Amino acid sequence: MSTGSGADSAPAPTSTHESKPGGTFSSLKIRNYRLFATGAVISNTGTWMSRITQDWLVLSLTGSATAVGITTALQFLPMLLFGLYGGVIADRLPKRKLLLVSQAALGLCGIALAVLTLSGVVQVWHVYLIAFLLGMVTVVDNPARQSFVSEMVGPAQLRNAVSLNSANFQSARLIGPAVAGVLITTVGSGWAFMFNGLSFAAPLIGLLMMRTGELHKTTVVPRAKGQLREGLRYVSGHPELIWPIVLVGFVGTFGFNFPIWLTAFADEIFHGGAGMYSFFNILMAAGSLAGALLAARRRSSRLRMLVAAGTAFGLLEIIASLSPSVWLFAILLVPIGMIGLTTNISANTSVQMAADPAMRGRVMSLYMMVFAGGTPVGAPIVGWISDAYGVRTGMAVGGAFSLVAALGVGLMLARVGGLRLRVDLRPGRPHVRFVPREQLAAAA
């Protein structure tokens, strides 16, 4: 049901569960967020089905890891080109209404690809085009969805809700690839795309059923000149924002190219099929889900956790690229998923908590632009390296970039935060540690 006009004018309630975070699933006590999460898990399942099916379809049509990389790049290219403008739009317009439009558009793209596939006329350029259109919609949908979380749950529950959003996404990632693998091998790829398109009805219904009077009102920024530059100046002047964004930019550009690597490992290295590719994705999703649930239990997100997670993520990718057996590779995917998700959540929550509400849309659009928008740069490069020198080399290069970026950002945060390295060789004491001076010491 839709809400009436009376709900729009009612003041936002302040209940105990909204003001005092507690428990892994505390945000689900809030009705509006429950509706949002329920719709999201259904549409996320369809999205993961579509992603797995899309990668396998492109590989089947072309036999090229580079083509898979191009598809991924086209889907994220609009975020790189127009991501900041999406944040400006998200700050200017009511986010719930904006999401109603964007989610409907995403559903239509899924249905269009399903019709092309089921009719037997699909070609690789069709997939390229729809991937690009999906990216154009995501330019607005991502910052609106990210910043709308704070309107549903309020500042006290924001950290928990962001973590549960990731857990929601990863839960769907467990289900989607498994279902996609079954559909690809039984009835064909088209029905997986159709399920994805229809699954967006769930979040649309959830958005319509929300009690708008219970949303935490945020300032809608009026249209004015220079808002894009204002957002960039704001981020550049806050080290607690810019350095986490820099780190996720490198990790997203070079370290998160799993559609390329997992398809190639399943097909070329271990000579499996769509079932093995789905199995790899399920293992990564299991690790990611565990990482998201652990993050939901934490009461704070320190920047040192972000740096440590980024470092471990890069190391694990390098180790996995050298795996001699399929079982060792598969086992390593679980901690890679866990620590990769911890890196993402730590950066996301740190940035959202530190951003001014009036700037949150623009800040999150910059965050998503460098995290997801870097893929058009990284995916073709990593895809070419994987084709030319082998997928093991491609994955090792991606891990090396993530590792070096994490160490570099850690050094910069230590410098900005007035930290210095102390070496103490006396027995019973830490041999190496950072000693805080001032400024960012508490966060770092």
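**Close-up views of a predicted model**

**Figure 1. The crossing of helix 11 with helix 14 is left-handed.** A crossing is given this name if the near helix is turned anticlockwise from the far one by less than a right angle, and is right-handed if clockwise. Helices (H or I, at least four residues) and strands (E, at least two) are DSSP runs, numbered from the N terminus. The structure is a predicted model, in which local features need pLDDT of at least 70 and side-chain atom pairs count only at pLDDT 80 or more, while totals for chains, interfaces and linings use all residues. Residues are numbered from 1 along each chain as its sequence is written, and side-chain values use heavy atoms, with hydrogens and water left out.

**Figure 2. Helix 11 (residues 239-255) packs with helix 14 (residues 303-321) at an angle of about 15°.** The axes of the two helices are 11 Å apart; axes are lines fitted to C-alpha atoms, for helices over the stretch in contact, and angles run from 0 to 180 degrees between N-to-C directions. Helix 11 is therefore roughly parallel to helix 14 (angles under 35 degrees count as roughly parallel, over 145 as roughly antiparallel, 65 to 115 as roughly perpendicular and the rest as oblique). Helix 11 contributes P244, L247, V251 and G255 to the contact, and helix 14 contributes L303, L306, F313 and E317; contact means heavy atoms within 4.5 Å. By class, the contact of helix 11 with helix 14 has six nonpolar residues, one polar and one charged (Ala, Val, Leu, Ile, Met, Phe, Trp, Tyr, Cys and Pro count as nonpolar, Asp, Glu, Lys and Arg as charged, and the others, Gly among them, as polar).

**Figure 3. L61 of helix 3 (residues 31-62) touches Q123 and V124, not counting residues up to four places away in sequence.** L61 and V124 are 63 residues apart along the chain, and their C-alpha atoms are separated by 6.7 Å. L61 is partly exposed, with a relative accessible area of 41% (buried means under 20% relative accessible area, exposed over 50%, partly exposed in between, with a 1.4 Å probe and protein chains only).

**Figure 4. H271 has a phi near 55°, a positive value in a residue other than glycine.** H271 is placed in the loop between helix 12 (258-269) and helix 13 (274-297). The relative accessible area of H271 is 65%, and this residue is exposed.

**Context for the views.** The protein contains 18 helices and two strands, and 54% of its 444 residues count as buried.
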